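Subject: Structure handover

Hello,

Here is the structure I said I would pass on. Please open it beside this email and look up each residue as you read.

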Amino acid sequence: RMQEYDIIVLGTGFKECVLSGLMSLSGKKVLHIDRNPFYGGESASISPLEELYKKFKVPGPAKSMRPGKEWNIDLIPKFFLANGESLVLFISECDLSMCIKQGKYTKSPPQRKRPTLQVLLFSRRFRKLLLFAMNFDLRNPCTYQDVNPQKTTTRDLFSSYDLGLDVMEFTGHAIALHSSESYLDQPCVETIRRIRLYAESLSRHNSSPYIYPVYGLGELPQGFARLSAEYGGTFLLNKAVDEIVMENGKVTAVKSEGKLFHCKQLICDPSYVPNRVRRVGRAIRAICLLNHPVKNTHDASSCQIIIPQAQVNRKSDIYISVVSYAHNVTCDGMYIATVSTTAETSNPEKEVQPALELLEPIMQKSVKPLINNMLVPNEDGRKSQIFVSRSYDATNHCEAECEDIKDLYQRITGAELCFRGSQRHQSHNSDDE
C-alpha cells in the first residue's frame with residue numbers, strides 16, 4: 001500500500017534539513033530521502049582527509065597531516081553573523097574579519113590605533129552614519145532623518161555623510177557584505193539593515209561578528225535531521241529517486257526504488273528537479289590546506305578576508321574563509337582556507353589567483369577550482385506544491401541561505417518564519433556610545 005506523508009524532502013543539505021526539522025516540529029508527517037549515503041548534499045563535509053585527496057586526484061596526504069580522521073573539510077564553508085537570523089547551535093567564534101585595500105589588509109572592525117582606513121572609519125562622519133543605522137527603525141519615520149529608505153539610494157546616503165571612496169568601499173563590502181557595486185544605486189534600506197546587523201553581531205564578540213560551528217558545517221544538517229526524527233520524521237539515505245509523480249500539475253507522490261510515497265508537498269534541492277530550475281551563474285571554490293596562519297592576520301586561528309571587486313578589476317568580490325584546529329576540523333597546527341568567487345571568465349584558476357597568492361606557501365590545493373552551478377527555481381512552487389531551494393552562492397557568509405529558508409517557509413506554510421522572538425528597539429543617542 002502506498003505510504004502517505006504531509007511533506008517529502010529530497011536532499012539533506014543544510015536548508016532542506018532545517019525545513020524538515022521545522023515541519024516535523026509543527027506536527028507535519030515528514031519523509032526525508034537522499035540519494036547519497038551521507039548528509040549535506042552539495043555542502044557536505046569530507047572526512048577523513050584521504051577522501052579529499054581522492055577528490056583532488058593527487059597522492060597523499062603527507063604524514064605531518066595525519067591522522068586523516070581528525071579532518072572535516074567543508075566543501076562550501078559559510079560563516080554565520082553572530083546576531084543574524086540563524087539558530088543557536090554549538091559554535092566557535094571566527095577570530096578575524098578583514099578586507100583587502102590596495103594589496104594590504106584592513107581589519108574589520110577597525111581599531112583606533114591602526115592607521116589609514118581604520119582612522120577614516122572612526123571619523124565623526126562615519127560614526128554618525130553608524131549611529132543613524134543603529135537608531136533606524138523602518139516602522140518609525142521619526143528615525144529617518146530626512147532619508148527616504150525606499151527611494152534614497154545608498155550612494156546618496158553615503159554622500160550625505162561625505163564619506164570618501166575608501167570608506168564607502170569598505171562599508172559596502174566588508175560591513176554590509178554586498179558582493180558588487182550595484183547596491184549603490186538601489187534604495188538604501190537594505191544597506192542600513194545590513195550595517196545594523198553587522199554592528200549588533202560585533203557587539204556579541206570582541207574580535208569578529210562571525211561564528212562557525214565546531215567540527216564544521218557537516219554537523220548542522222545532522223543536527224536538524226535528529227530534530228526532525230525526534231518529532232516523527234523518517235529518513236531514508238542512499239535511496240535513489242526514480243520519479244516525482246504529478247497529477248493535474250500538482251505533486252502527488254515520489255517513487256523511490258520501485259516504492260510509492262504519497263505527499264501533499266515536496267521540498268528539494270535543485271539537483272532533484274533539473275527541469276524546474278535555471279542557471280544564473282557559476283560559483284568557483286578552491287580548497288587549500290596550510291600548515292601556517294595566513295600572513296599579516298596576527299596568527300589568527302580563523303579569519304574571513306574579502307577582496308572587493310574594484311581592487312582586482314572584477315564585477316564581484318573574492319572571498320577567503322580560513323578555519324583550523326581551533327574548530328576541530330584539522331589536526332593540530334593545520335588550517336583549511338577556501339577561496340570563492342562568482343565566475344566571470346572561462347579561466348577560473350586565473351580568477352582566484354589574487355587570493356591564492358595571499359595564502360602562500362600552500363601545502364596542498366585543489367588542482368582545479370571546484371565549479372558549482374548557481375541554480376534558482378523557475379516558479380514559486382505554489383501551483384505545483386514543489387518547493388525548490390536555491391543553490392549556494394559564492395559568498396562565505398550564510399545570510400543568503402537564511403533568507404532562502406525564510407522565503408521557502410513562507411511559501412510552503414503561508415506564515416512568516418521568525419528565527420527569534422521580537423526584540424525591543426534600542427536607541428543609541430550619542431557619538432560616545
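Below is what was found in it, starting with the overall picture and moving on to single residues.

Overall

Please keep in mind that this is a predicted model. The protein has 433 residues, and 55% of them are buried. Its secondary structure consists of 11 helices and 20 strands. Of the contacts with a separation of 6 or more, 72% are between residues 24 or more positions apart.

The nonpolar cores

The largest nonpolar core contains 73 residues. Phe-14, Trp-71 and Leu-289 are the residues with the most contacts inside it. Helix H1, residues 14-25, supplies the largest share of this core, with six residues. The core lies between domain 1 (4-43 + 218-278 + 375-413) and domain 2 (117-204), because both domains give residues to it.

Leaving out residues up to four places away in sequence, Trp-71 touches Ile-46, Ser-47, Pro-48, Leu-49, Met-65, Leu-289, Val-329, Thr-330, Cys-331, Met-334, Tyr-335 and Ile-336. Another core, of 20 residues, lies apart from the largest one. Its members include Cys-288, Val-294, Ile-320 and Ala-337.

Strand E1

Ile-7 lies in strand E1, which covers residues 3-10. Is Ile-7 buried or exposed? Its relative accessibility is 0%, so Ile-7 counts as buried. Not counting residues up to four places away in sequence, Ile-7 touches Met-23, Lys-28, Lys-29, Val-30, Leu-31, Cys-263, Gln-265 and Ile-267. Gln-265 is 258 residues from Ile-7 along the chain, yet their C-alpha atoms are separated by 4.8 Å.

Helix H6

Helix H6 runs over residues 165-175 and is mostly covered, with nine of its 11 residues buried. The buried ones are Val-167, Met-168, Glu-169, Phe-170, Thr-171, Gly-172, His-173, Ala-174 and Ile-175. Just after H6, Leu-177 has a positive phi of about 60°.

Aromatic rings

There are 11 aromatic pairs in the structure. One of them joins Tyr-53 and Phe-56, with 6.5 Å from centre to centre and 50° between the planes, and is classed as tilted. These two residues are separated by about one helical turn because they are three residues apart in helix H2 (residues 49-56). Tyr-53 has 3% relative accessibility, so Tyr-53 counts as buried. Phe-56 also counts as buried, at 6%.

Elsewhere, ring pairs link Phe-79, Tyr-198, Tyr-210 and Tyr-212 into a cluster.

The charged end of Arg-35 sits over the ring of Tyr-272, 3.7 Å from the ring centre. Lys-15 lies over the face of Tyr-392, at 5.0 Å from the ring centre.

Salt bridges

How many salt bridges does a search of the whole structure find? The search finds 16. Three of them are described here.

Lys-15, already mentioned for its place over Tyr-392, forms a salt bridge with Asp-404, and the closest N and O atoms are 2.9 Å apart. This pair links distant parts of the chain: Lys-15 is in helix H1 and Asp-404 is in helix H11 (residues 399-413), 389 residues apart. Both Lys-15 and Asp-404 are buried.

Lys-78 forms a salt bridge with Asp-393, where the closest N and O atoms are 2.6 Å apart. Here too the partners come from distant parts of the chain, 315 residues apart. Lys-78 is in the loop between strand E4 (73-74) and strand E5 (80-81), while Asp-393 is in the loop between strand E20 (386-388) and H11. Lys-78 and Asp-393 are both buried. Together with Glu-401, Lys-78 and Asp-393 are linked in a network of salt bridges.

Asp-380 and Arg-382 form a salt bridge whose closest N and O atoms are 2.8 Å apart. Are these two residues buried or partly exposed? Asp-380 is partly exposed, with a relative accessible area of 34%. Arg-382 counts as partly exposed as well, at 41% relative accessibility.

Regards

Terms used:
Residues are numbered from 1 along each chain as its sequence is written. This is a predicted model: local features need pLDDT of at least 70, side-chain atom pairs count only at pLDDT 80 or more; totals for chains, interfaces and linings use all residues. Side-chain values use heavy atoms; hydrogens and water are left out. A nonpolar core is a set of buried Ala, Val, Leu, Ile, Met, Phe, Trp, Tyr and Cys residues joined through side-chain atoms within 4.5 Å. Buried means under 20% relative accessible area, exposed over 50%, partly exposed in between (1.4 Å probe, protein chains only). Helices (H or I, at least four residues) and strands (E, at least two) are DSSP runs, numbered from the N terminus. Domain bounds come from an automatic or database domain assignment. Contact means heavy atoms within 4.5 Å. Rings of Phe, Tyr and Trp (its six-membered ring) pair if their centres lie within 6.5 Å; planes under 30 degrees apart count as stacked, over 60 as edge-to-face and the rest as tilted. A charge sits over a ring if NZ of Lys or CZ of Arg is within 6 Å of the ring centre and within 35 degrees of the ring normal. A salt bridge is a side-chain nitrogen of Lys or Arg within 4 Å of a carboxyl oxygen of Asp or Glu.
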